[in-house]
Amino acid sequence: MWPPAGAPADADLYFHPDTKCCTYVPDVPNFLVGRILDDPDPALAPGRASVERRVDARVGVTPLGLRRPPVQVLLYQHGAPAGFGRATTLRCPHYRADAGGACGIWRHRNGICSTWFCKHTRGATGQRFWHALEQLLAIVERDLARWCVLQVGVDAAVLARLLPHGTDRPSAREGLDAADLDGRVTAEAYRALWGTWQGRERELFRRAAALVDGFAWSDVARLGGASVEAFARVVVNAHRAQADQPLPARLAVGAFQTVVTGRERVRVVTYSPYDPLELPRLLVDVLPYFDGRPTVEALRRIQNERGVNVQPDLVRRLVDFGVLVER
């Protein structure tokens, strides 16, 4: 995603070398915070220090883990379309500029950072698998973090504040108060979120890490119940689809945007603005032949009427990227 030599660094097609895709502040569940704090590897020291700073700042710090600061959430919601991959204001606090943009907590990163890719080998087909896996990991992280706070004995009054009414429902975000805007948390609000654990935040995080260390997938599935099982089935099905190669019996032209890049080339943007296809104009011109008729007939007509031999593997790629869709 870095611009090639001579290309403007702020072009829509590229990321900035000083940010890469690290323009997102991750939530870090309590057990992963504990793992980072307990990891003795000297190479992790800068990343561990960045987590320590987040804990000390108290903003978004709860027994469930490190939440994204409210101002960062607001900036991301409104600035990501133009600023993702480019705006240093959105850059992750665990980004290591001193190490060429390495992630300071890579070994213990969360599900979103583990499953997001700017490009996919099979386009939208590959993206669907990774999106399904990210959804599964998000549920796992949520459930394990909640289980951990139960095991360490967080009292019911604190749980009520950590899990307010409507927590698991989509809803409009509340407005920000002065403390949110200033990147701070009041002593009263912080005390309400931690109760008797205030001042022992690191101890709670480390205990959470110890609780889940050694867990097998069967343990995770047992704790997660029906939600984890349901999303796991979605992941398995999406993974199988990645190995599925046969062409659909009937195809039609999907929705996409085109940008002319020369007399003979067209850039096609489909499932992601970060993963366009560069196609010969000749190929784009014959796409209307795919109008819902049998795929084999469409290919035969293209060959007979236009003299273009479109290979099945190319058609498969067009399907993966959503240029052609099953009818």
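This is a predicted model: local features need pLDDT of at least 70, side-chain atom pairs count only at pLDDT 80 or more; totals for chains, interfaces and linings use all residues.

Trainee: How many salt bridges does a search of the whole structure find?

Mentor: The search gives 19 salt bridges. Take Arg107 and Asp39. Their closest N and O atoms are 2.8 Å apart. This pair links distant parts of the chain, 68 residues apart. Arg107 is in the loop between strand S5 and helix H4, and Asp39 is in the loop between helix H1 and H2.

Trainee: Is Asp39 buried or exposed?

Mentor: Asp39 counts as buried, because its relative accessibility is 10% and the cut-off for buried is under 20%. Asp39 also belongs to a salt-bridge network with Asp41 and Arg107.

Trainee: What about Arg48, where does that lie?

Mentor: Arg48 lies in helix H2, which covers residues 45–57. Arg48 is buried but has no salt bridge.

Trainee: Which side chain of opposite charge is nearest to Arg48?

Mentor: That's Asp39, 5.0 Å away. The Arg48 side chain does reach the backbone oxygen of Asp39, at 2.4 Å. Beyond its close sequence neighbours, Arg48 has contacts including Ile36, Leu37 and Pro40.

Trainee: Another salt bridge, please. What does Asp320 pair with?

Mentor: Asp320 meets Arg122, at 2.8 Å from N to O. The two are 198 residues apart, with Asp320 in helix H13 and Arg122 in the loop between H4 and helix H5. Asp320 is buried at 4% relative accessible area. Arg122 is buried too, at 11%.

Trainee: Switching to rings. How many aromatic pairs are there?

Mentor: The count is 13. One of them is Phe15 with Phe84: the centres are 5.8 Å apart and the planes are at 80°, so the pair is edge-to-face. Phe15 is in the segment before strand S1, and Phe84 is in the loop between helix H3 and strand S4.

Trainee: Which ring does the charged end of Arg109 sit over?

Mentor: The ring of Trp106, 3.6 Å from its centre. Likewise, the charged end of Arg200 sits over the Trp197 ring, 4.0 Å from the centre.

Notes:
Residues are numbered from 1 along each chain as its sequence is written. Side-chain values use heavy atoms; hydrogens and water are left out. Helices (H or I, at least four residues) and strands (E, at least two) are DSSP runs, numbered from the N terminus. Buried means under 20% relative accessible area, exposed over 50%, partly exposed in between (1.4 Å probe, protein chains only). Lys and Arg count as positive and Asp and Glu as negative; His and the chain ends are not counted. A salt bridge is a side-chain nitrogen of Lys or Arg within 4 Å of a carboxyl oxygen of Asp or Glu. A polar contact is a pair of N or O atoms within 3.5 Å; within protein, one must be able to donate a hydrogen and the other to accept it, and residues adjacent in sequence count only if both atoms are side-chain atoms. Contact means heavy atoms within 4.5 Å. Rings of Phe, Tyr and Trp (its six-membered ring) pair if their centres lie within 6.5 Å; planes under 30 degrees apart count as stacked, over 60 as edge-to-face and the rest as tilted. A charge sits over a ring if NZ of Lys or CZ of Arg is within 6 Å of the ring centre and within 35 degrees of the ring normal. Lists of a residue's contacts leave out its neighbours within four places in sequence.
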